[in-house]
Amino acid sequence: MLRTQMSREKAGIEEALEAFDFNKMCEASESFKIADMGCSSGPNALCAAKAIVDGIYRRCQGLGCPSPELLIYLNDLPGNDFNMLFQSLSSFKNLNGVGGECFIAGMPGSFYGRLFPTRTLHFVHSSSSLHWLSQQVPPDLEKKAIRALNKGNIYISKTSPQSVLKAYAVQFHKDFTSFLNSRSQEIVPAGRMVISLFGRTGDDPTSPECCQQWDLLAQVFRDMIVNGLLQEGKLDSFNIPFYSPSPQELTSAVHNEGSFTLNRLEILEIDWDRVTSSETSNGSTKTILDNQSISQSTVKFVRAVMESLLESHFGREVMDPLFRRHEQIVCDHLSRNRNNKYICIILSLTKT
């Protein structure tokens with residue numbers, strides 16, 4: 001999934017970089033400042049930063065000018081493992097092949113508020129982060145009356161009442177608008193921003209394309225309750241701080257906030273399918289798809305994203321049996337339904 005998403009993000013990044021006059025920046029000895037927001041600290045944490053740097057260097061080579069000095073800010077919440085992130089920076093040590101030095105700094109903090117001085121940044125990137133809400137759960141879901149109506153679910157579901165759907169939508173709109181407003185103050189005029197997040201294609205926030213994974217995970221919890229492995233109250237007090245917006249919600253938020261022009265909105269449909277490859281006798285690669293391998297890779301992905309959040313609420317001892325059962329349920333689901341997709345939305349914006 002990451003390869004498909006990142007390849008499209010790279011195209012958006014390179015298109016956005018064409019707007020900058022790097023020759024003029026070098027003549028003025030001006031540095032080019034970049035922020036990657038929600039960078040995380042895993043093996044793919046530096047993919048976006050490297051793509052941006054490579055794009056700048058290719059652009060400068062095409063223009064026949066040296067690259068300006070680059071300053072990259074890596075942002076995530078204070079709990080992110082910045083030590084691990086900094087230990088992996090050796091790949092950036094020798095990236096000044098066409099003239100520009102590359103400097104890197106950490107910037108811990110929530111991107112739903114201000115992080116940088118006014119008119120500091122030329123380019124902002126955020127990948128797979130803005131679907132996470134600023135609150136652990138939408139505040140309205142803390143109200144017992146509403147929370148009780150979402151019993152047995154961990155997210156929006158077909159059985160969720162309108163009050164739950166509204167609580168999630170309102171919180172996302174508030175957060176996304178805060179993000180845009182904060183960046184509008186930090187980005188220079190005509191600066192660019194490329195962001196991606198999970199979303200949905202239509203208006204229905206309960207559609208399978210944005211809720212199926214969470215429905216299957218909720219089914220695991222319900223099974224564990226029936227088998228006496230989990231208390232019902234634990235499930236009923238948990239709601240995932242996540243929201244999959246529609247293209248209309250995103251474009252409306254950008255328009256209403258008013259600080260950015262939306263240049264492009266792209267929707268990617270990414271299959272859950274994972275492949276295992278084996279080499280044939282003539283050296284070509286044969287692709288083998290089976291429910292077991294797809295379910296294993298799907299659950300591995302969900303566990304990597306969700307385990308720390310689930311563990312903090314349900315306890316460490318629940319995690320292994322939870323995800324073993326999750327793999328079985330996903331495999332059963334795949335045997336009945338092979339049309340399973342993640343929806344990723346990529347936006348390219350210009351600061352007005």
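Trainee: Which residue in E9 does Leu-268 stand opposite?

Mentor: In general, strands of a sheet pair through backbone hydrogen bonds, either parallel or antiparallel. Please keep in mind that this model is predicted. Here, Leu-268 stands opposite Cys-344 in E9.

Trainee: What is the order of the strands in the open sheet?

Mentor: The seven strands follow the order E3-E2-E1-E4-E5-E9-E6, and their pairing is mixed. At the edges stand strand E3 (102–108) and strand E6 (260–271), each of which pairs on one side only. From one strand to the next, the twist averages 15°.

Trainee: Which strands does helix H3 lie across?

Mentor: Helix H3, formed by residues 47–63, lies across strand E1 (32–37), strand E2 (70–76), E3 and strand E4 (121–127). The helix runs at about 160° to E2. Helix H9 (residues 247–257) also packs on the sheet, where it touches strand E5 (187–198), E6 and E9. The direction of H9 makes about 165° with that of E6.

Trainee: How many helices and strands are there in the protein chain?

Mentor: The protein chain contains 11 helices and nine strands.

Trainee: Why does the radius of gyration of the protein chain agree with that of a compact globule?

Mentor: A compact globule of 352 residues would have a radius of gyration near 20 Å, and the protein chain has 22 Å, so the two agree. The C-alpha trace spans about 70 × 60 × 35 Å along its principal axes. Of the 352 residues, 49% count as buried.

Trainee: Which element has the lowest mean pLDDT, and which the highest?

Mentor: Where pLDDT is low, the predicted coordinates should not be read in detail. In this chain the mean pLDDT is 89, and 90% of the residues reach 70 or more. Among the elements, strand E7 (residues 276–279) has the lowest mean, 37, while H9 has the highest, 98. Over residues 94–98 the pLDDT is below 50, and this stretch has nine contacts in the model beyond near neighbours in sequence. Residues 274–288 also have a pLDDT below 50, with 23 contacts in the model beyond near neighbours in sequence.

Key. Residues numbered from 1 in each chain as written. Predicted model: local features only at pLDDT ≥ 70, side-chain atom pairs only at ≥ 80, totals over all residues. Heavy atoms only, no water. Pairing = 2+ DSSP bridges. Helix = DSSP H or I, 4+ residues; strand = E, 2+ residues; numbered from the N terminus. Axes fitted to C-alpha atoms, helices over the stretch in contact; angles between N-to-C directions. Contact = heavy atoms within 4.5 Å. Rg over C-alpha atoms; globule rule 2.2 N^0.38 Å. Buried < 20%, exposed > 50% of the residue type's maximum accessible area, 1.4 Å probe, protein only. pLDDT = per-residue confidence, 0-100.
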